[in-house]
Amino acid sequence: MDYKNAGVDIEAGYKSVELMKEHVKATMRPEVLGGLGGFSGAFSLNAIKDMEDPVLLSGTDGCGTKVKLAFLMDKHDTIGIDAVAMCVNDVACAGGEPLFFLDYIACGKNYPEKIAEIVKGVAEGCKQAGAALIGGETAEHPGLMPEDEYDLAGFAVGVVDKKDLITGETIKPGDTLIGIASSGIHSNGFSLVRKVFRMNEEALNTYYDNLGATLGETLITPTRIYVKALKSVKEAGVTVKGCSHITGGGFYENIPRMLPDGVRAVVKKDSYPVLPIFKMLQEEGNITEEMMYNTFNMGLGMVLAVDPADVDKTMEALKAAGETPYVVGSVEAGEKGVTLC
């Protein structure tokens with residue numbers, strides 16, 4: 001008896017590492033110390049010494065049951081972008097710059113080429129966020145997970161000067177809400193998605209004119225990363241008062257998280273186009289409108305609160321960063337929460 005007969009293939013692990021090295025190297029930043037393969041990742045903090053009061057930020061998350069879609073489509077090169085996005089977008093929400101990222105892949109059986117594809121996506125997400133993929137772990141779990149399945153999660157660390165923290169504390173009545181378009185469903189609500197749509201090859205390969213793609217292609221579209229967009233707004237001289245990453249819980253849970261007591265966000269539902277995939281979901285699943293806005297991003301991946309005098313500069317900066325922004329509402333006095341009208 002040996003470890004391989006017990007279900008853990010050490011040689012496959014070595015091969016996975018070799019295959020992923022080229023992707024990992026493409027994410028390196030000057031602050032990364034040492035090469036790949038150490039017991040820990042080293043990252044120099046020399047570059048943040050000039051900050052008045054540097055604050056470390058962290059975020060950890062996974063892709064939820066969206067990984068099921070990757071299994072069904074046998075497409076594994078974008079799910080890593082989702083894992084990175086879910087973490088770095090939270091760091092960016094606080095005004096921070098992501099510095100580095102670590103991934104964790106748990107699998108029933110290590111198929112080196114598949115693991116390398118997953119990490120390729122993680123590396124792409126890190127490049128989009130400007131973060132170094134400084135380490136990770138691939139854990140083979142025979143008997144605990146089916147051989148052809150895996151789970152993926154990650155952890156990001158960022159930094160911000162304390163004076164630049166986005167806390168929401170200064171939001172007041174009269175401020176303007178700006179929404180940034182999402183790329184689709186992102187990585188939340190897939191347990192409901194998988195109940196609404198048939199998850200088989202025929203259904204996923206069906207092309208829809210209103211989607212401009214197959215159902216599978218639309219659903220697996222990776223989460224948009226907003227790090228560079230928020231950096232562009234900051235460089236334009238705009239002080240973002242509040243920032244909400246629209247993830248699980250949709251509008252109703254996430255928008256109030258950026259608000260101080262005594263103010264209420266008012267979002268106009270007709271101020272931006274709801275993506276066709278959400279309309280399909282609602283109709284096919286007979287889902288109430290309230291549940292849709294309480295589960296999905298409905299076409300907005302982030303919502304910012306800014307002073308009315310900064311709206312034009314914010315919109316221009318977001319467009320220059322390649323985003324599609326909309327003025328979606330305002331802040332009013334009232335009980336903390338969100339009103340959709």
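Here are the stops, with what to select at each.

This is a predicted model, where local features need pLDDT of at least 70, side-chain atom pairs count only at pLDDT 80 or more, and totals for chains, interfaces and linings use all residues. Residues are numbered from 1 along each chain as its sequence is written, and side-chain values use heavy atoms, leaving out hydrogens and water.

**The core.** Select Phe197, Leu219 and Phe251: these touch the most other members of the largest nonpolar core, which has 91 residues. Such a core is a set of buried Ala, Val, Leu, Ile, Met, Phe, Trp, Tyr and Cys residues joined through side-chain atoms within 4.5 Å, where buried means under 20% relative accessible area with a 1.4 Å probe, protein chains only. Next, colour helix H3 (residues 79–93), which supplies the largest share of this core, 10 residues. Helices here are DSSP runs (H or I, at least four residues), numbered from the N terminus.

Apart from it lies another core, of nine residues; Val32, Leu99, Ala132 and Ile134 are among them.

**Around Phe251.** Which residues does Phe251 touch? Setting aside residues up to four places away in sequence, the list includes Ile246, Tyr293 and Leu340. Contact here means heavy atoms within 4.5 Å.

**Helix H4.** Now select residues 112–129, the 18 residues of H4. Its buried residues include Pro112, Ile115, Val119 and Cys126. Step on to Gly130, which follows H4 and has a positive phi, near 75 degrees.

Conventions: Buried means under 20% relative accessible area, exposed over 50%, partly exposed in between (1.4 Å probe, protein chains only). Helices (H or I, at least four residues) and strands (E, at least two) are DSSP runs, numbered from the N terminus. The expected span of a helix is 1.5 Å times one less than its number of residues.
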